[in-house]
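Here is a short report on how side chains pack and pair in one protein chain. Look at the structure first, then read on.

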Amino acid sequence: MIRKKGSFILCGAFLFVAWNAVLLLFLLGRPPPKKEEDWRVAGGRGGGDLAQEVIRLAEEVESQLETQKKLLKQIWSHWSQWESQKENGKRVIDSGKEGKQAQEFRNPQQLPQPPQKYLSLDQNKGKRVQDFMIAPIPNSNLGSNNKEQAVNRDKLASSITTTEDIIPILVIACDRVTVKRCLDKLIQYRPSADLYPIIVSQDCGHAETARVIESFGSQVTHIRQPDLSDIQMRPEHKKFQGYYKISRHYRWALSQVFNTFSYSSVVIVEDDLEVAPDFFEYFRALYPILRSDPTLWCVSAWNDNGREGLVNLGKPELLYRTDFFPGLGWMLLKELWAELEPKWPATFWDDWMRQPDQRKDRACIRPEVSRTLTFGRKGVSLGQFFDQYLRYIKLNTEFVPFTKLDLSYLLRERYNEMFEKEIYSAPLVNVEDLQKGGMLRGAGPFRVQYSSKDSFKVLARNLGVMEDLKSGVPRAGYRGVVSFMSRGRRIYLAPPSGWTNYDTSWS
């Protein structure tokens with residue numbers, strides 16, 4: 001484009017000079033009158049004819065000068081635009097040099113190619129899809145020219161890195177030397193150190209863990225919680241000292257990320273989490289969804305019911321909204337931290353996040369198949385849930401090109417409309433039918449209905465999903481519905497149609 005502009009300007013300047021040269025030659029080539037009679041022949045009137053001819057020539061010159069003035073204005077206008085574009089182009093090139101790794105990440109040609117099945121996803125043209133919320137790849141029928149233009153646009157966009165493009169990873173660490181496993185995977189799968197700086201915030205003052213973190217050198221930024229003192233609390237809460245310190249550490253570390261480092265978002269990972277190959281791709285694709293929808297307040301990499309047999313491992317691209325705060329690898333924005341920091345709790349921060357006063361009817365995004373896996377049985381919870389649930393969570397191993405998928409279906413209005421139709425059009429069955437398996441006809445989905453806290457717990461226990469509720473919200477639930485797989489069929493554990501709100505007394 002810049003070359004075309006430059007050619008146009010040079011052509012205009014050449015025409016301007018050529019025009020003046022022709023005009024000059026024309027005037028110089030006119031034969032001068034030798035006698036007054038010549039003027040009389042030309043005008044039929046003596047001396048007055050000479051004056052009239054001079055006036056006529058002056059008017060012609062004035063007209064030509066006006067034309068040249070307009071031409072000069074056009075040349076000047078295009079010259080200014082050209083200079084501006086040259087300057088912008090220089091900035092793009094400079095930015096591209098500084099963020100070469102960013103270009104390599106954002107350039108579609110550099111991304112791992114999606115499996116063939118992603119290239120043929122059904123566009124839901126009047127056809128029922130077995131699994132709810134399959135994201136189609138947009139523009140799958142583009143011609144080669146349009147595809148080329150799209151690639152060029154992406155290349156240009158990839159060369160410009162702003163503060164909002166950067167998504168830092170905050171690793172919360174204490175006294176586990178196995179933080180090395182967490183950091184190894186983060187660095188292995190990280191597509192760009194510039195776009196995804198890793199900040200390790202360490203509490204506890206554990207020297208051996210500190211040495212492990214420092215062994216990564218410039219690949220990570222190591223910060224240390226300065227306040228290692230015991231926290232004053234009621235005697236009956238002494239056994240929860242660890243939870244109090246974790247909450248204090250979270251507050252300090254998040255304040256560092258947003259207030260000291262001035263980032264606009266962050267993904268929080270604890271030191272006992274291993275990440276999936278598409279962990280960064282997942283959060284990169286969902287960042288604009290989180291920012292554009294005020295009814296969302298986090299994106300989580302975790303599915304509480306993500307055990308083998310309860311998830312469709314053949315559909316790792318499936319994503320859902322959930323009213324339950326999952327944690328365990330989650331993203332939040334600076335605006336949310338500004339809201340939460342002044343009232344941050346002294347302890348049990350994750351359950352506090354699940355209270356209605358904090359959630360405010362906002363949801364999180366969660367995957368069908370988890371993008372994090374916890375390997376830390378050791379911790380302040382003394383292995384609670386680990387042996388029964390967490391050790392069986394399946395970690396996604398297949399790279400999903402989320403940034404190439406249309407994820408706008410996750411926006412609330414569109415999602416809720418699809419959600420209601422999908423859930424309450426599913427045939428209602430009882431748990432005995434599900435357990436026998438052969439009694440059911442069709443591939444599903446099917447709906448199992450609960451009507452009370454006790455019936456939910458009984459059904460959840462029989463179906464193998466987590467039965468506990470926080471502020472009345474079931475784990476992985478949305479609008480009271482828990483979605484999972486059972487014997488290869490999609491099942492919705494759901495309240496009756498017309499559900500309005502959670503009952504906090506169900507906790």
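Asp 351 is partly exposed, with a relative accessible area of 29%. Here buried means under 20% relative accessible area, exposed over 50%, and partly exposed in between (1.4 Å probe, protein chains only). The model is predicted: local features need pLDDT of at least 70, side-chain atom pairs count only at pLDDT 80 or more, and totals for chains, interfaces and linings use all residues. Residues are numbered from 1 along each chain as its sequence is written, and side-chain values use heavy atoms, leaving out hydrogens and water.

**Salt bridges**

A salt bridge is a side-chain nitrogen of Lys or Arg within 4 Å of a carboxyl oxygen of Asp or Glu. The structure holds 23 of them.

| Pair | N to O distance |
|---|---|
| Arg 234 and Glu 236 | 2.8 Å |
| Glu 339 and Arg 362 | 2.8 Å |
| Lys 470 and Asp 351 | 3.7 Å |

Helices (H or I, at least four residues) and strands (E, at least two) are DSSP runs, numbered from the N terminus. Lys 470 is partly exposed, at 24% relative accessible area. Glu 339 is also partly exposed, at 25%, whereas Arg 362 is buried, at 12%. Arg 176, Asp 271 and Asp 272 are linked in a salt-bridge network.

**Aromatic pairs**

Rings of Phe, Tyr and Trp (its six-membered ring) pair if their centres lie within 6.5 Å; planes under 30 degrees apart count as stacked, over 60 as edge-to-face and the rest as tilted. The whole structure has 23 aromatic pairs. In one, the rings of Tyr 196 and Phe 280 have centres 4.9 Å apart and planes at 65°, so the pair is edge-to-face. Tyr 196 lies in the loop between H6 and S2, and Phe 280 in helix H9 (residues 279–292), so the pair ties together parts 84 residues apart in sequence. Tyr 196 is buried at 1% relative accessibility, and Phe 280 is buried at 3%.

Which residues of helix H7 (residues 207–214) are buried? They are Thr 209, Ala 210, Val 212 and Ile 213. Seen down the axis of H7, these buried residues fall within an arc of 160°, so they line one face of the helix. The arc is that of the directions from the helix axis to the C-beta atoms.
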